Amino acid sequence: MEIGMKFREPASFAVAVADGRLAGASGRYEKRLRDLDGLYGDALAFDTVLQRDADKLVYEVSDFRPSESGGDLIFGVTRMEPGRIGQEFFLTRGHIHARADRPEIYYGESGRGVMLMESLAGETRTIEIVPRSICYVPPYWIHRSVNVGEEPLVMTFCYPSDAGQDYEIIARSGGMRHRVVSDGAAGWTLAENGAYKPRGADEIAAIMG
Ligand SMILES: [Fe+2]
């Protein structure tokens, strides 16, 4: 192994909270409403909003990936607009890490969010994300973030470089077991997803390795 392969320059990256971006990011992607078909419980409400506002930016991610090596870290910033489809708050697509034993942390920069997590056995956990709090997503939890506030939700995140993402796990079970919906006042609550299909023992065993 050459020293040059292992040795990288230290660096600093500004979190542009108002823009919801990482300055000096090496990558960026965004999701608009038209990219999010099938995520929300209320398909009729989704179609109505889609017809008027298909290009609406819902969330964006900018990150820095120093290398692919297992002990390295990917970090970045995500920004999600406030809003709802019917009663359900805007959310990210969600995933489990392709290497499912890899964890992640999220740090609240601005806004008010919920990290919705689900174990392979179908248990739900929620962690509220507010500025200057760290949410720890342990290994083996499916996770997605939800903006339950009235302002953009901006978070900094960090996870191992070799974690990867499996986005299909949520689609295979008909969505996550719970949806984060308005409580009719200024808050949020969980609603059962009627289309949810529990994972079988074989699928769980394959993921647990
Ligand atoms: Fe993740």
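Two strands count as paired when DSSP finds at least two bridges between them. With that in hand, let's walk through this predicted model.

Select residues 27-32, strand β3, one of the edge strands, which pairs on one side only.

**Step inward.** Next, select residues 73-80, strand β5. Six of the eight residues in β5 are buried, so the rest of the structure largely encloses this strand. On one side, β4 and β5 are antiparallel partners over six bridges; here Y59 has M80 of β5 as its bridge partner. Then bring in residues 153-160, strand β13, which pairs with β5 through eight bridges, again antiparallel. Display I74 and you will find Y159 of β13 opposite.

**Zoom out.** Now colour the whole open sheet, six strands in the order β3-β4-β5-β13-β8-β11 with antiparallel pairing. Its other edge strand is β11, residues 134-137. Ignoring direction, neighbouring strands are turned by 20° against each other on average.

**Finish at the metal.** Which residues are the protein donors of the iron ion? Select H95, H97 and H143, each through NE2, plus E104 through OE; these donors lie 2.0 to 2.3 Å from the iron ion. Along the sequence their spacing reads H-x1-H-x6-E-x38-H. Try the angle tool on the four donor atoms: the angles around the iron ion span 85 to 163°, which makes the arrangement irregular.

Technical notes: Residues numbered from 1 in each chain as written. Predicted model: local features only at pLDDT ≥ 70, side-chain atom pairs only at ≥ 80, totals over all residues. Heavy atoms only, no water. Helix = DSSP H or I, 4+ residues; strand = E, 2+ residues; numbered from the N terminus. Axes fitted to C-alpha atoms, helices over the stretch in contact; angles between N-to-C directions. Donors = N, O, S within 2.8 Å, 3.2 Å for Na, K, Ca; no water. Tetrahedral: all angles 85-135°; square planar, octahedral: opposite > 155°, others 65-115°. Buried < 20%, exposed > 50% of the residue type's maximum accessible area, 1.4 Å probe, protein only.
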